[in-house]
2 protein chains.
Amino acid sequence: MGFLPDLGSELSNFPLKIVKQGLNIWSLKAKITLKDIARELEVSISTVSKALKNSEEISRDTKEKVQAFAKLYNYKPNNIAISLKNKRTKNIGVVIPDIVHHFFTTVIRGIEKYANARGYNVIVCLSEESFDKEVINMEMLANGSIDGFIMSLSSQTQEKGDYNHLKEVTEQGIPVVLFDRITHEVECDKVIIDDELGAYQATNKFISQGKKRIALITTDDYLSVSKARTKGYWKALQDSELEADESMILKMPSMEMDEEAIKNFLNTKNPDAVLCVNEIFAVYSMRLVQQKGLRIPEDIAFIGFTDGVLSKYANPSLTVVAQHGEKMGEVSAQMLIDKVESEAEEETYQTRILEPTLVIRDSIAH
Amino acid sequence: MGFLPDLGSELSNFPLKIVKQGLNIWSLKAKITLKDIARELEVSISTVSKALKNSEEISRDTKEKVQAFAKLYNYKPNNIAISLKNKRTKNIGVVIPDIVHHFFTTVIRGIEKYANARGYNVIVCLSEESFDKEVINMEMLANGSIDGFIMSLSSQTQEKGDYNHLKEVTEQGIPVVLFDRITHEVECDKVIIDDELGAYQATNKFISQGKKRIALITTDDYLSVSKARTKGYWKALQDSELEADESMILKMPSMEMDEEAIKNFLNTKNPDAVLCVNEIFAVYSMRLVQQKGLRIPEDIAFIGFTDGVLSKYANPSLTVVAQHGEKMGEVSAQMLIDKVESEAEEETYQTRILEPTLVIRDSIAH
DNA sequence: TATGAACACGAAACCGTTTTCGTTGCCTTT
DNA sequence: AAAGGCAACGAAAACGGTTTCGTGTTCATA
C-alpha cells in the first residue's frame, strides 16, 4: 500500500460510515459502490468512475487516491448496472434438450471454455425434449438476460416443426446459433457435423471389410441428425454392389430404447454389421449378440455414434463416429460472440459443417 | 382484442413512431419499454407501470387501455432493470469441477428443474478442477450476477485447503450451498450423501457374501468423498472378523486413471471383491480380470460408486452405490432459494445428509 | 492585459423499472 | 360555501454505473 498518499485519517474511520442501512453491523461487508467512494473521498461520482478507468481527464494524484481506495475496499463494479447501461449482459443462453447425455455435455464444455475466455457467462436451460419448455425458457431469457442464444432443438420441436419462438427472437435482433439439431426454416448461424458423411464412412468401412448384411438402428426421421445418418448409410449401400434393403433399418419411435424391438430385429435379420445412431443402442446390441454366442467383430461388427465413456469402456470397446462436441461448442460460441460484438448489422448467416472422424476400436476388425 | 376501447386511431400509426433510433427500420421489432407505452398513450410512466400491475390506484379505463396496448405490442419487462431495482437477479450460480461427468450432470438437472419451477435461471461455471478458475468464476458472478451459489469444490481447492474465496462471498451476504465435495471450514448450508455409510454397506455386502479379500480402489484422501468412502470401507472390515489390511487399498494420485497401477494392484493382491470409488475404475478393472479369465461375480465381485450409464451398460452390469445426484441438486436448490428469499437474517446453517442406496446388478451375486 | 488553451473536475442525462409522495379535480358533507 | 375525502394520476428518487458536456482554474502567449 505504498501509494496511499495522505489518506490515513480519512480511511481510518471509513468502515463506520459506510455500513449500509444498519443491517448486519458485525461482519457483513456490504459491497462498496462508486457513490460510497465518491462520498468518502469528497469527489464526484464521475471523477471516481473516470479515475478507475485511468482516464486522461483525471490528475495523477486523484487517480492514485481513488484507485488505492478502491483496491483497499475491494471495489468491483456491479455487473447488473453495467448491463443496463450498455445493453450488453455478457451472458449467453444455452438451451438444450438434455444434459444427462455425453454429447451435449461436451458441447457445453466447449461453449463454456470459449465463452469464459471472452468474458462471457453461460446460462444453461433444459428443454427436456419438450416444445413448451423450450419456448418458456427462451422467453425468460430473451427479456434482457442474455446477449444471444446457442441451442439445439428439442425432439418435440422438430416433430412439430413450429419455430415461431426462434423467429421472434431473431426478429428482435437477438443472435441465435443452432447446433446439431437444427432447422433450415430459421435464418441464423448453424453448426453441424456432417452426419451423412459420418454414416457414409462408417458404412463403407463395413463394406470394405467384406460385411454383407449391414443393418442400421436409428430413431424416427423427425430428428434432423437421424435423417442425415440414415441418408449416409443408404447412400453408401447404393454406391456399393450390395443391395440396400429397407427392412435392414430399425427405426425406434422415441429416444427411449425398446429392448424387445432390438432383440427381435437382430434375431430375425441376422446382420453381420450394425450401425447405430448412438452409443446406447450399440452397446446394448453388443450385449445381446454376445449372449447368443456371436463373436465381435468376427461374426458381427458394430459402429456407433458419439464418442462417450460408454464406447471407450464397453467390452469390446466400441468403434464410433466421433462428433467432436467440444469443438462444436467452441465454434458455436465463437460464431455467436462474434455476431454479438459486431457492430455491423450484417444479414449474412453461415452454416459451419464439421467433419466427423471414425474412432477405431475393437468392435470392428483392424 | 374486443377490449380495445377507442384506441383505433392511436394504434394505427404507432409502428412508425416507435421505431428506435432509426436502426433496422425493416423487420427489427425493437423491444418496447414502459416509456414507449407512456408516450404513445400520453400518460406517465408510473401510470403504465401501475396499470400493468393492476394497481387499485388506476382507473378501469386506463388499465384496460394500457394492458391491451402492452399485449398488442408484446411488452415484457426488462429483467436487467428489474434486477437492478430489486437487487435480485433470479439467477443462481453453479460452480462445479467438471460437467462431462454423469454425477454432476444429474445434479445440474436437479438444480435446473427445481430452480426453474421457482422462476430462477442457472448459470453454470466449470472450475475444471482448478483452484484459480474456481476463484475467477466466483468473482465474476459475485458482482451482482447471481443471488447465490451452489457449488462442489474442485480437487485442487480441496488439496490446497484454501477457502477464502468462499468466505469472502458469504461475508458479503451471498448465500452458498456446498454439495458433495464440501469443506467444514466454511459456514454455509451443505448437502452430501452419506458416503461413509454407502461404502460401509457395500463392503458389508461383500462380507455377507463370504468374500475374504476385499480391496478398495480410491483416489487420494484430499477429496472429501474419497476420504469418507475409505472410512466406511475400513469400518466395515473392522466390524467384521476379517482383518483390515492397508495394502488392500489402492490410492490413485489423481482423478485420471493409471491403468498400470490398477493392473499391478489386482495381479499382486488377488482380491475376490473390489470396491471402487467411481464407475470408471470399476469397469476398467472388470475388463482386466475378465481378460485374465476370472469370472464375475463368482471369482471376483465388483461394486462402484455413481449410478451412471457405464454401470448400467457394462458387461456384466455393475452394482453401484447410487448417489442420487438429481435429488441432491433439488435439495441444494431448495435450500439456496429458501435462504435467498428469506428476509430473516438467520445465521443458522444446516447439513442435509442423503442416504445412498445400493443398486444391485450382475457384478455381484444375487 | 486580454485571450485562449489545457487541465481537472462536476452536473446531469441515461439505461428501464419500482415506489413513494405529492397534486390535482371532483364530490360529499355540514 | 368552506372543508374534507377520495379517486386518479404524475413527478421524482432510487438502483449503480457510463458518458457527454459544461465550467472554473491556471498558465503561457500575443
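Strands here are DSSP E runs of at least two residues, helices are H or I runs of at least four, both numbered from the N terminus, and pairing requires at least two DSSP bridges. Within this pairing, Val124(A) has Val122(B) as its bridge partner.

A word on the model: it is predicted, with local features needing pLDDT of at least 70 and side-chain atom pairs pLDDT 80 or more, while totals for chains, interfaces and linings use all residues. Residues are numbered from 1 along each chain as its sequence is written, chains are lettered from A in the order written, and side-chain values use heavy atoms, without hydrogens and water.

Now step back to the whole interface. Chain B and chain A each bring 59 residues to the contact (heavy atoms within 4.5 Å). About 5,300 Å² is buried between them, 55% of it from carbon and sulfur atoms; this is accessible area (1.4 Å probe) lost on putting the two parts together, summed over both. Of the area that chain B buries, Ile80(B), Asn143(B) and Tyr313(B) supply 13%, more than any other three residues.

Two salt bridges link the chains (a Lys or Arg side-chain nitrogen within 4 Å of an Asp or Glu carboxyl oxygen). One salt bridge joins Asp98(A) to Arg109(B), with the closest N and O atoms 3.5 Å apart. On the side of chain B that touches chain A, helix 7 of chain B gives the largest share, eight residues.
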